[in-house]
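Subject: Two-chain model for your review

Dear colleague,

Please find below the structure that I am handing over to you. My notes on the contacts between its parts follow directly after it.

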Amino acid sequence: MTKIRASRRGFLKGASAAGAAAAFPAPFVHAQEPVTLRYLSTAVNQSPGIAQKAGEELGINIEYIAVTTDDVARRVITQPNSFDLVDSEYFALPNLVPSGNLMGMDASRIERADDIASVITEGTVNGKEVGLQGTAPAEVFYLEGQNSQSFATEPTDWITLIPTTYNADTLGIRPDLIDKEISSWASLLDPDFAGKASILNIPSIGIMDAAMALEARGDITYGDKGNMTREEIDFTIEKLIEAKNAGQFRAFWSNFNESVNLMASGEVVIQSMWSPAVTAVRTQGVPCKYQPLQEGYRAWASGFGLPRTISDRKLDAAYEFVNWFLSGWAGAHLSRQGYYPAVLDTAKEFMEPYEWAYWYEGKEAEQDIMSPSGDLMEEAGAVRDGGSYEERMGAVACWNAVMDENQYMVRKWNEFIAA
Amino acid sequence: MSEATADGARRFFRRARAKSATGAEPGAGKALWQAAPMALVFFVFFLLPLAVTIIVSFWEFTQYSIEPALVFQNYTDVFSGCLEELPGLCVTLATYLSTLKFCFLVWLTTLLIGFTVAYFLAFHVRTLPVQVAFFLLCTIPFWTSIVIRMISWIPLLGRNGLVNGFLIDIGVTDTPLEWLLYSDFAVVLALTHLYALFMVVPIFNSMMRIDRSLIEAAADSGATGVQTLTSVIIPLAKPGIIIGSIFVITIVMGDFLTIGIMGGQQIASVGKTIQTQIQYLQFPIAAANAVLLLIAVTFAISALLKMVDIRREL
């Protein structure tokens, strides 16, 4: 099957080249326009390098539509005709799938479907189960049928999203401005950092970071941090309001750049952060550490989904692009930004051994580590915060989530902001 | 409600037609046609969205769907806990109170600054070219975007910012002042900076129309400078003051960007509440909040309009 497909693609490429050549002497030969795919996702997931490379190798135009995390979900639900390919977080799926605006991706058309990282498909790393609190991708990975509006409990041929990137989030700290060991999420609420801590003002993620901190401090043990009961939400918000009124937080952030600025300017010395934001602070020459913590990481994953309305050439192009995405070049590109790709083996083929050792094996960098754009990220000798893939993804405690009580949670979160 | 307006419109047209037919007002029919394009724009871009907002505020919603209905749930949710928590404040009232507080403070500061600047431009700058030049100077900051003007305060006011650095250098304080940024102060400062010109322009306009002989007459009658100001200039500049106030108050009531950024997202505003709800696809409750905000702003403006007859002054 795979072989036939690969040769078919080869044939098409050759055929279109022949067509183009033929078009010169014989203008009446109709050459097809290249397909344009409108790619909806957050700006963080949109690397110009990937769009350019896909254009060169596949002849597909990738047109990025950049919106915020919440807006991705909103667009899928309210304007499903405004994109051809969506890169959405898995935690949005409990809202997206019942809307019926996405269709299952045909596993038989995804060449590397069986090689997708097990942490996404099964929730395991090297056979060891990771924390599955929250909306774990493994729980929402399959649909019962192509147009099904509910998730399958067993593997099927219909995949909700094909992973693009995923990562394990933790707290970022300024080691130069903190003079004690940070080893627990509880430090987020440590009075020593009063007026110098921050969390994100994206309710569904912010409340989970708060929950990690409260549980670490021993205030409460949640049944499921990613799906709290009303009582648990009340308790969490009450504690957050206490901390806020005691002046614990300097500010809240709601986008990538804000988190970078807060950290780089020294307004904040400890906060929930995203991996590339830590890198961005460091590239400004400011020390910043993505501190591994004993309670583990809060993980997230996002992936490609298709709108129900896509068809014909666009649908073929979308599958072709997704297959190309999993074939290694894009995976290596994303790995160099600190993300993890869906298929590890193919990404490895496109990376230098010293790069692989640094990003995936937790080893000292033998040479300087460069970003995809050619900037120096780490000098030789550096070790990745948190260590190897297995150490980081294996220590996941919970996943970004949408709760059943989401509506209530958002209302309580607004109370917290207003307090 | 829409039927009532349609009825009213029909009656209006009939009357207009009758009038033009009898020849009592031959221009009336033509005037209606001339007003039609603007009316159409108003209908499509103002009345229609407003009607939709009001209708949706009575709908039901889940996390991924909105269902047409006629429920008051959204409004009761907005005010949930308001009775139980008395004499404490529920979230909605606390949020409105905080927004009103900013409205008042920003109104006060922009009025003081706006009036002073306009007074200087109108009465102390003698020649028109210099007036125009100074006026253009006032608008220069407005050539850059609002966001940039706002964000440029952050490196100034931050913990390691220029202001704190300066204060520590000259020995006023030895630890950085925390309240300079991400505080009420920062919000008022930024809003004043952003919107002072909205006060300057209308007040300047009113002052320029004051007949200079009135001021001379006041001086001739022995009025002191302060007396001239309070009994001649301020009353005559009142329309400008009111128009400026309307601008500032309506903008601040709906602002969430400035309050969000300068307040470090820690200060609630009605606009931010609505934004959060929209992000989580809770359109009906966001619509209910928007309707309430609209009512509040309408009250504020109608109170201001009571103080001056704008039509006569324009």
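Two salt bridges are found across the interface of chain B and chain A, a salt bridge being a side-chain nitrogen of Lys or Arg within 4 Å of a carboxyl oxygen of Asp or Glu. In one of them, A:R250 pairs with B:E178, and the closest N and O atoms are 3.6 Å apart.

On the side of chain B that touches chain A, α4 (91–124) and α13 (270–279) of chain B each supply at least two residues. The most comes from α13(B), with six residues. Helices (H or I, at least four residues) and strands (E, at least two) are DSSP runs, numbered from the N terminus. By class, this side of chain B has eleven nonpolar, 14 polar and four charged residues. Here Ala, Val, Leu, Ile, Met, Phe, Trp, Tyr, Cys and Pro count as nonpolar, Asp, Glu, Lys and Arg as charged, and the others, Gly among them, as polar.

Please note that this is a predicted model, in which local features need pLDDT of at least 70, side-chain atom pairs count only at pLDDT 80 or more, and totals for chains, interfaces and linings use all residues. Residues are numbered from 1 along each chain as its sequence is written, chains are lettered from A and ligands numbered from 1 in the order in which they are written, and side-chain values use heavy atoms, with hydrogens and water left out.

As to the extent of the interface, 29 residues of chain B are in contact with 37 residues of chain A, contact meaning heavy atoms within 4.5 Å. The two chains bury about 3000 Å² between them, with 49% of it on carbon and sulfur atoms. Of the area that chain B buries against chain A, 25% is supplied by B:R159, B:Q266 and B:Y280, more than by any other three residues. Buried area is the accessible area (1.4 Å probe) that two parts lose on being put together, summed over both.

Within chain A, the domain assignment gives domain 1 (33–160 + 300–326) and domain 2 (169–296 + 395–418); such bounds come from an automatic or database domain assignment. The centres of these domains, taken over C-alpha atoms, are separated by 28 Å. Their contact takes 17 residues from domain 1 of chain A and 16 residues from domain 2 of chain A. Between them they bury about 1500 Å², 56% of it on carbon and sulfur atoms. A:F91, A:Q133 and A:W300 supply 44% of the area that domain 1 of chain A buries against domain 2 of chain A, more than any other three residues. The count between these domains is zero salt bridges, but nine residue pairs are in polar contact (both at pLDDT 80 or more).

Within chain B, the assignment gives domain 1 (2–56) and domain 2 (91–313), whose centres, over C-alpha atoms, lie 36 Å apart. Four residues of domain 1 of chain B are in contact with six residues of domain 2 of chain B. The two domains bury about 330 Å² between them, 88% of it on carbon and sulfur atoms. B:L50, B:T53 and B:V56 supply 85% of the area that domain 1 of chain B buries against domain 2 of chain B, more than any other three residues. Between these domains there are zero salt bridges and zero residue pairs in polar contact (both at pLDDT 80 or more).

Finally, a word on confidence. The mean pLDDT (the predictor's confidence in each residue, from 0 to 100) is 89 for chain A, where 92% of residues reach 70 or more. Over residues 1–30 of chain A the pLDDT is below 50, and this stretch has nine contacts in the model beyond near neighbours in sequence. Chain B averages a pLDDT of 86, with 91% of the residues scoring at least 70. In chain B, pLDDT stays under 50 over residues 1–6, for which the model has zero contacts beyond four places in sequence.

Yours sincerely

Definitions and conventions. A polar contact is a pair of N or O atoms within 3.5 Å; within protein, one must be able to donate a hydrogen and the other to accept it, and residues adjacent in sequence count only if both atoms are side-chain atoms.
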